[in-house]
Amino acid sequence: MTTIHLIRVRLHIDEPWCIGAPESAPSPDLLPTATDPFGSVVVPASSIAGSLRHHLSQQDEFDITAIMGGPADRDDLTPSALRILGVEVHLPEGKNITLRSQTAIDVRRGAAANNMFRTSEMAPAGTELAVDLRVDGDHDWYSDVLLALTDWAPFVGRARTSGMGAAHVVSVQHGHLDLGNSDDLQRWLASGGPGLVAEVANQALPNTGRRHQGIRLPLDERLRWTARDALVIGGEQDQQQKSARRPYKRHNELMIEGSSWKGVLRSRVGFVARTIGAATCDEPTGCDAPDCPLCLLFGSTTRRGALRVQSTSIESSRSVSRHHVAIDRFTGGATDGLLFEDRDIPLDAHMELDLTWHQGQPPSWVPALLAAALLDLHDGYAALGAKTTSGYGTVQLEHHIAQRIRGLLRPDHGDWIADLESWQSQQLAIQGGTSA
């Protein structure tokens with residue numbers, strides 16, 4: 001008779017996250033998160049399967065086709081022996097979906113791009129998932145897969161390169177039902193669903209609690225910044241007063257989202273690359289050219305970027321709220337109905353930026369190109385957040401960090417521009433296609 005193995009993996013999502021559901025969007029500029037017909041946030045099993053398959057495929061001893069099936073375009077289809085039964089979602093108490101607004105930077109004007117403002121929903125950090133798995137029969141790889149699950153550090157949902165979705169395993173519990181045993185057979189026939197998994201999977205494995213870590217670039221372990229003037233970082237809209245904005249908060253800490261850092265870095269990296277004559281795209285959505293350094297680092301609509309830019313907390317001694325109003329071009333006075341308020345603007349702010357690489361080994365030119373963009377931000381050629389042309393958003397690195405990063409651009413560190421040109425030529429020769 002068949003032995004049925006049941007596994008429950010509990011995950012804790014450390015960052016805000018979102019599994020987009022564009023099919024249910026009420027308008028083209030809003031991306032909602034996936035929910036069931038009753039409005040509860042859900043995580044489809046398919047959203048977990050890809051991350052789990054990738055994790056197991058990194059283990060040399062596993063035949064991933066035997067465990068999770070083969071590709072659909074093969075003639076000899078192999079079904080997955082490891083089934084994902086479902087995912088229970090438990091949002092932190094008192095927390096719910098919030099709105100996240102973003103725009104793209106026009107590389108020609110340096111300002112917000114027209115028609116690129118969009119809003120997406122995101123679920124809160126601290127969400128816990130219970131992932132239920134099932135394996136029928138005895139397999140020689142089963143015990144090794146259990147151990148591999150304890151070292152799993154998945155990303156859940158979209159925007160993972162912008163500081164969203166990182167999770168870690170809290171616990172792995174397992175058990176089995178022997179259908180040759182009358183008691184187990186009765187339990188199998190008389191019950192089911194998450195309740196059965198919770199009842200059967202009662203043996204716990206030691207948990208590593210590993211967090212996902214990429215390769216640290218040779219920039220600095222702590223890219224610590226100081227704001228020289230106020231920061232206006234778009235965040236949550238006040239639901240009672242629509243004209244008021246306040247910075248995004250996580251666990252009562254002011255935050256700069258990874259997308260804010262990523263946007264300004266993408267813009268400056270693109271500017272530097274074009275200045276030195278490197279072929280690169282100039283569209284906010286990226287391109288498909290294999291030799292585009294901008295798309296390799298930050299991604300496009302068809303590929304995920306290799307650089308992960310995490311959200312950062314703001315250490316601030318004080319904050320202020322400021323009002324502003326639009327001017328009527330005819331009367332020269334205030335325009336009716338256009339009074340706005342920016343709340344909790346942090347002053348004397350300090351923050352640390354974390355950049356990691358997540359696709360193999362970075363090419364040799366990557367640290368220098370990023371260093372040039374970071375120094376542009378440090379030297380005031382670019383600013384962070386909104387209202388940068390009104391004197392906001394100037395940030396600087398700590399002096400010793402800036403000096404260390406400048407060292408990456410010295411001639412005795414190698415000709416990184418030649419390295420970039422060589423890499424682009426190799427990519428075109430290997431992959432073919434049209435240059436950016």
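In this predicted model, helix α1 (residues 45-57) gives the largest share of the lining of the second largest pocket, with 6 residues. The protein has 436 residues, and buried residues make up 45% of them. Its secondary structure comes to 10 helices and 21 strands.

**Overall dimensions**

- Along its principal axes, the C-alpha trace of the protein spans about 85 × 55 × 40 Å.

**The second largest pocket**

- The space in the second largest pocket comes to about 700 Å³.
- This pocket is lined by 29 residues, and the closest to its centre are H54, F155, R160, H212 and H358.
- Sorted by class, the lining of the second largest pocket holds 17 polar, 7 nonpolar and 5 charged residues.
- Helix α1, which covers residues 45-57, supplies 6 residues of that lining, the largest share.

**Salt bridges around D136**

- The structure holds 13 salt bridges.
- One of them joins the side chains of D136 and R83, with an N to O distance of 3.1 Å.
- D136 is in strand β6 (residues 128-136) and R83 is in strand β3 (residues 82-90), so this pair ties together parts that lie 53 residues apart in sequence.
- D136 counts as partly exposed because its relative accessibility is 23%, a value between the cut-offs of 20% for buried and 50% for exposed.
- R83 also counts as partly exposed, at 39% relative accessibility.
- The side chain of D136 meets that of R134 in a salt bridge as well, at 2.7 Å from N to O.
- R134 has a relative accessibility of 15% and therefore counts as buried, since buried means under 20%.

**Salt bridges around R224**

- R224 and E352 form a salt bridge through their side chains, with 3.3 Å from N to O.
- This pair links distant parts of the chain: R224 belongs to strand β10 (residues 223-227) and E352 to strand β19 (residues 350-353), and the two residues are 128 apart.
- R224 is buried, as its relative accessible area is 12%.
- E352, at 34% relative accessibility, counts as partly exposed.
- The R224 and E352 pair is part of a network of salt bridges in which R224, E315, E352 and E398 are linked.

**A nonpolar surface patch**

- Strand β18 (residues 334-347) contributes 3 residues to the nonpolar patch, which is the largest share.
- F340 has its place in strand β18.
- F340 counts as partly exposed because its relative accessibility is 32%; residues of a patch need over 30% relative accessible area.

Conventions. Residues numbered from 1 in each chain as written. Predicted model: local features only at pLDDT ≥ 70, side-chain atom pairs only at ≥ 80, totals over all residues. Heavy atoms only, no water. Helix = DSSP H or I, 4+ residues; strand = E, 2+ residues; numbered from the N terminus. Buried < 20%, exposed > 50% of the residue type's maximum accessible area, 1.4 Å probe, protein only. 1 Å grid on protein atoms, 1.4 Å probe; cavity = no way out; pocket = protein on both sides within 12 Å on 5 of 7 lines; lining within 4 Å. Points joined across faces, edges and corners; volume = space filled by probe spheres on them. Nonpolar A, V, L, I, M, F, W, Y, C, P; charged D, E, K, R; others polar. Salt bridge = Lys/Arg side-chain N within 4 Å of Asp/Glu carboxyl O.
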